[in-house]
Amino acid sequence: MDSRVSELFGAGSAFKAAPQAAGSASNNAAVAATKKTFTKNGKKAKNRSARHPKPSNNPPYLPPEVEEGNIEYKLKLVNPTQYRFEHLATQMKWRLQEGRGEAVYQIGVEDNGLLVGLSEADMRASLRTLRRMAEKVGADITVLREREVDYESEEPRKIAEVLIRKVPDDQQFLDLRVAVLGNVDSGKSTLLGVLTQGELDNGRGRARLNLFRHLHEIQTGRTSSISFEILGFDSKGEVVNYSDSRTAEEICESASKMITFIDLAGHHKYLKTTIFGLTSYCPDFAMLVVSANTGIVGTTREHLGLAMALKVPIFIVVSKVDLCTKATVERTVRQLERILKQPGCNKVPLVVSSTDDAVTAAQQFAQSPSITPIFTLSSVSGENLDLLKVFFNILPPLSNSKEQEELMQQLTEFQVDEIYTVPDVGTVVGGTLYSGICREGEQLVVGPTDDGQFRELTVCSIQRNRSACRVLRAGQAATLALGDFDRSLLRKGMVMVSPEMNPTICWLFDAEIVLLFHAKTFHKGFQVTVHVGNVRQTATVEALHGKDELRTGEKAVVRFKFIKHPEYLKVGAKLLFRHGVTKGIGQVTKLQPLSQYQHHS
């Protein structure tokens with residue numbers, strides 16, 4: 001491990017991250033090309049890059065079009081024949097399917113990425129054809145931006161970027177999960193309150209009151225538990241939140257895209273809750289909130305390191321810009337850029353200052369994990385809040401339709417993250433469906449219990465985002481009502497699976513780990529808290545294969561043994577362990593099933 005990484009996640013923050021693969025060079029080129037193409041305020045592209053002067057006959061370009069994915073280049077769509085129109089509509093269906101309900105069309109661009117541009121009349125005619133195609137497949141279109149291209153011709157030539165959205169037939173809405181990280185008092189809950197309630201904050205925390213779940217949170221103003229908030233967008237890209245809708249059910253009905261925010265705790269005291277939220281709720285993206293007036297302090301570095309260790313793509317929001325001068329905000333942004341460019345991170349910061357930047361950032365961010373957009377905004381004055389909303393509206397899902405299909409064809413596996421007792425309903429469990437499909441009335445088994453057994457149960461009803469739902473698909477989070485099933489038999493970290501699955505239960509397992517930070521040496525007999533998905537339990541180090549002890553930055557295969565009860569694990573699962581300032585990451589390489597262990601003992 002590179003010793004320079006300690007500058008980023010050193011002993012002070014008690015965390016370091018393994019260097020990411022530095023595959024950012026090609027992505028940088030793509031970003032640079034895109035940024036050059038869509039210039040701000042219509043300035044000419046060649047004036048932008050004074051350091052790299054280009055001859056004017058060299059037109060700007062985009063990366064060449066790829067067969068897979070949801071981005072389609074079209075030079076022009078003027079008066080197509082009926083046969084051609086049918087072909088174009090079928091192609092649009094394919095792009096929508098690839099993007100799980102969203103596609104982006106670049107009009108005036110050749111397949112090799114050359115930005116040719118169209119005259120005003122051709123552009124209008126092409127957009128009319130695109131609208132007809134969208135109507136045929138039952139989709140809505142929104143023109144994201146139009147730009148003149150710097151190209152040698154008498155009349156101005158334009159290119160347009162268009163977002164096409166259609167909710168898949170088997171789904172109520174498109175769904176993205178965003179984990180919200182950041183130091184205590186950086187304005188996480190307030191920002192979510194402003195986004196989801198539609199009202200600006202008064203500067204004293206009024207906006208966050210609706211998000212808190214406990215009295216002590218309201219009294220101290222500090223989040224200590226995990227809460228979920230939803231922000232919807234309709235098919236035209238307009239925001240749907242509690243300002244127009246009274247209930248979550250109304251938001252679900254009128255939204256075609258839903259962003260579920262997982263509000264996590266910033267205080268170091270609640271770190272285990274934050275790690276649990278990141279590992280068990282499988283967020284698609286993470287939003288790191290940094291206060292402009294304090295900069296990078298407290299758990300900020302640690303949260304950044306956690307997201308990187310779990311390979312969750314991250315973007316940054318600098319909040320409270322109304323409290324400080326422009327120079328202070330710029331200093332905080334420079335501080336962030338410096339950290340993101342360090343060897344431990346290898347990220348490419350992209351400061352968003354216009355709608356144009358927000359569109360570019362959303363697309364580049366989804367295509368390349370090394371891009372890190374940075375927003376500067378205020379929850380009190382509302383400055384730049386619109387840019388964040390534009391970003392969320394365009395942000396595409398990470399996994400493509402093929403991966404989703406494969407997961408849905410596997411056997412049902414639901415991870416239990418929360419357990420409630422609801423009057424007149426009975427026992428209710430909340431969590432994420434990892435694979436397969438779950439329907440009302442389905443027979444499943446839940447476990448493992450303390451003696452490694454599974455018990456049968458029936459799913460009575462399902463709710464997603466507080467509204468009823470009949471079918472749950474892989475990757476979706478929901479709550480399941482289990483009727484009169486005894487709550488005392490359930491605990492966090494259990495799984496509900498198909499009876500024919502025959503799950504592997506283990507006390508002992510091997511994992512290949514990297515010790516990120518440890519004050520002394522890490523050896524046999526050491527106890528740590530292990531996080532694997534929704535499993536969180538203390539485990540003892542039984543053996544270090546091939547070594548007697550480990551020091552900071554070293555790798556090894558380690559055998560762990562759970563101390564309370566056996567758990568359901570999978571080979572290849574990401575693992576994170578901690579104890580005080582000791583931290584490490586890795587992945588599960590081998591399981592020793594319960595039967596083998598009992599046989600040995």
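At what angle do helix α4 and helix α5 pack, and how far apart are their axes? The views below are taken from a predicted model.

**Close-up 1. Packing of helix α4 against helix α5.** Helix α4 (residues 82–98) and helix α5 (residues 120–137) pack at an angle of about 65°, and their axes are 9 Å apart. Because angles of 65 to 115 degrees count as roughly perpendicular, α4 is described as roughly perpendicular to α5. Their crossing is right-handed. On α4 the contact is made by Phe85, Glu86, Leu88, Ala89, Met92, Lys93 and Leu96; α5 contributes Thr129, Leu130, Arg132, Met133, Ala134, Lys136 and Val137.

**Close-up 2. The aromatic pair of phenylalanine 285 and phenylalanine 365.** The model contains 16 aromatic pairs. In this one, the ring centres are 5.3 Å apart and the planes lie at 35°, so the pair is tilted. Phenylalanine 285 belongs to strand β9 (residues 285–291) and phenylalanine 365 to helix α12 (residues 355–367), so that distant parts of the chain, 80 residues apart, are linked. Phenylalanine 285 is buried at 0% relative accessibility, and phenylalanine 365 is buried with a relative accessible area of 1%.

**Close-up 3. The aromatic pair of phenylalanine 509 and phenylalanine 562.** This pair is tilted, with 5.2 Å from centre to centre and 35° between the planes. It links strand β23 (residues 505–517), which holds phenylalanine 509, to strand β28 (residues 555–562), which holds phenylalanine 562; the two residues are 53 residues apart. Phenylalanine 509 is buried at 1% relative accessibility, and phenylalanine 562 is buried with a relative accessible area of 1%.

**Close-up 4. An aromatic cluster of phenylalanine residues.** One aromatic cluster is formed by Phe261, Phe285, Phe315, Phe365, Phe375, Phe391 and Phe392.

Key. Residues are numbered from 1 along each chain as its sequence is written. This is a predicted model: local features need pLDDT of at least 70, side-chain atom pairs count only at pLDDT 80 or more; totals for chains, interfaces and linings use all residues. Side-chain values use heavy atoms; hydrogens and water are left out. Axes are lines fitted to C-alpha atoms, for helices over the stretch in contact, and angles run from 0 to 180 degrees between N-to-C directions. Helices (H or I, at least four residues) and strands (E, at least two) are DSSP runs, numbered from the N terminus. Angles under 35 degrees count as roughly parallel, over 145 as roughly antiparallel, 65 to 115 as roughly perpendicular and the rest as oblique. A crossing is left-handed if the near helix is turned anticlockwise from the far one by less than a right angle, and right-handed if clockwise. Contact means heavy atoms within 4.5 Å. Rings of Phe, Tyr and Trp (its six-membered ring) pair if their centres lie within 6.5 Å; planes under 30 degrees apart count as stacked, over 60 as edge-to-face and the rest as tilted. Buried means under 20% relative accessible area, exposed over 50%, partly exposed in between (1.4 Å probe, protein chains only).
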